[in-house]
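Subject: Structure handover

Hello,

Here is the structure you asked for. Please open it first, then read my notes below.

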Amino acid sequence: ALHGSAKEDILESLYNQFTIDDQRLFKITQTFLSEISDGLSSYGRPMAMIPTFVNGVPDGSETGTFLALDLGGTNLRVCEVTLLGDKTFSLRQQKYKVSEALKTGEVTTLFDYLADSVDAFLTDTPSQDYDSHVSHADEDSSYVPLALTFSFPVEQSALDSGVLLTWTKGFSAKNAIGKDVVKLLQDAFDRKHIHVKCVALVNDTVGALLSRAYTSGGCILGAIFGTGTNGAYVEDVAKITKLSQNPTVAAGGEMIVNTEWGAFNNSRSALPTTPYDNKLDRESINPRFQAFEKFISGMYLGEITRNVILSLIDAAPQPLLFRGRSSVPLNKQWGLDTAVLSEIEEAWEGLGRFSPPEQGSPEAQKGEKLRRIQGILAHRLELSPPDISLADADIVRQVCNLIASRAARMSATAVAAILVHTGRARLWDRGEQSSVGLKDEGKRIGVGVDGSLVEFYPNFQTKLRASLRALVGPEVESRVDIGMAKDGSGAGAALCALVAQKQS
Ligand code: ADP
């Protein structure tokens, strides 16, 4: 009996620590709004609010063929994109692995690898008619135009230049901070006599925004929930007050801003931090940075869950999971992939390849689902099956659910903050809601999203939407169209290369 109640107490304590109520979501959103304003007026703020020099979004009529190179997370991708001008595009791509050695070695070695990958792609695949008006100079006309999707915080000074502010997501290549990443890439092409010209530097969030606008005809926010999290939105130039001294920027009009919201509230004063979050942060390669991202994204949810599971295995006076036994993956930092959480929740929900259990009493069906989770735990975490009770499986799936739900709810604060900041919503006080005077009153509001978490994690989007509804009210929420920005980093990059040509 003692054992049973200890379990209930600890589950209740976890529930209390990981559940954030609507009041807390409001507070976070309010802090978000002030950090957005702060970043728009000054450089060097936690939320960098980076001007991208892309003035507006496409409408689907754009055409051309471009190369795109995408570095920003788990894989490196090279792709060739043809914009067909009818809201569709075709794309051929090749993925290349980025080894730990490349992520943490000399930056020139990393960029040599990028250039070699592009070279391999061009060699292995039949060459296309690339738009050669990349440059007006004749000797340049044989260069293939390429846009670099580089999904790390970069302070851009033009469409085709920008210096790396800091690495995130496990990258730490040496001698890179403060360097112009377009120049690093172009130097690598030139050293190797590869006839490619990098014409644009794109963040993946900007890519998501542009590609969603291209395929759907309108979009105001591009957001990533993958290895990391970040968003880019369409801003009035007049509101980017830190640009007011910049002579190259015309006053008026619009510009896409890359928020770098992964760094929102690095002080963590507004974030619902638990000891498990603190442990993750302390052991990360960037303690006290990317605070928001560490609550939300794919790189971290598995690790928070691993920390919780270990604390339950180690609980005293009695272990509360797996008879006190751990395993090699569970003992290793990053040993629990967020994809496993996803799989566990799918099994519980009867989704994907886990079709609903056979007919039977609710108890029997629950037992069948828990047996599936047992199987996942044995297989993915290399736990010994006799150590995994059905009750253990039940606890683990609840822990996964708590951590992923917190992530989805917190993600909504970022979306709500952009809607409120751009005048499309007001923070909802639960009274009468009127959209009178709001920007785009009565119209659809397009949001393009990308990343494995939002694409594959069961109910992530549903939970995000429910929290968004609590924050901005049902009227506005019902007008928000959240859609996948598929291949944002490819098609979006191509669109950016096109913008570069038009602006040159
Ligand atoms: P990136 O952001 O690097 O471009 P992804 O969007 O694929 O790439 O995100 C990769 C991250 O998503 C990894 O951290 C991984 O743990 C997580 N992930 C992969 N598959 C799934 C899944 N099915 N459900 C939830 N998370 C996943």
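How many bridges join strand E3 to strand E4? Nine bridges join E3 (residues 75-84) to E4 (residues 89-97), and the two strands run antiparallel. Helices (H or I, at least four residues) and strands (E, at least two) are DSSP runs, numbered from the N terminus. Two strands pair if DSSP finds at least two bridges between them.

Before you go on, two notes on the source. Residues are numbered from 1 along each chain as its sequence is written. This is a predicted model, in which local features need pLDDT of at least 70, side-chain atom pairs count only at pLDDT 80 or more, and totals for chains, interfaces and linings use all residues.

Confidence

pLDDT is the predictor's confidence in each residue, from 0 to 100. The protein chain averages 93, and 96% of the residues score at least 70. The model scores ipTM 0.98 and pTM 0.93. Take care with residues 132-140, where pLDDT stays under 50. The model has twelve contacts for that stretch beyond four places in sequence. Two residues are in contact if their C-beta atoms, placed from the backbone, lie within 7 Å.

The sheet

Back to E3 and E4. Cys79 stands opposite Gln93 in E4. Four residues lie between the strands of this hairpin, and Gly85 there takes a positive phi near 85°.

The open sheet has five strands, in the order E4-E3-E2-E5-E8, with mixed pairing. E4 and strand E8 (196-202) are the edge strands, each pairing on one side only. On average, neighbouring strands of this sheet are turned by 25° against each other, direction ignored. Axes are lines fitted to C-alpha atoms, for helices over the stretch in contact, and angles run from 0 to 180 degrees between N-to-C directions.

Two helices lie across strands of the sheet. Helix H5 (residues 181-191) lies across E5 and E8, running at about 160° to E8.

Domains and ligand

The protein chain is assigned domain 1 (2-18 + 266-404) and domain 2 (53-208 + 487-503). These bounds come from an automatic or database domain assignment. The C-alpha centres of the two domains lie 38 Å apart. Each domain gives five residues to the contact.

Where does the ligand lie? Both domains give residues to the shell around the ligand, so it lies between them. The shell has 16 residues, and the closest are Gly73, Gly226, Gly298, Ser342 and Phe456. A residue is near a molecule if its C-beta atom, placed from the backbone, lies within 6 Å of it. Helix H9 (298-313), helix H11 (338-349) and helix H14 (452-456) give two or more residues to the shell.

Most residues other than glycine have a negative phi, and most peptide bonds are trans. Two places depart from this. His193, in the loop between H5 and E8, has a positive phi of about 55°. A cis peptide bond joins Ala316 and Pro317, with omega about 5°. Pro317 lies in the loop between H9 and helix H10 (328-331).

Best wishes
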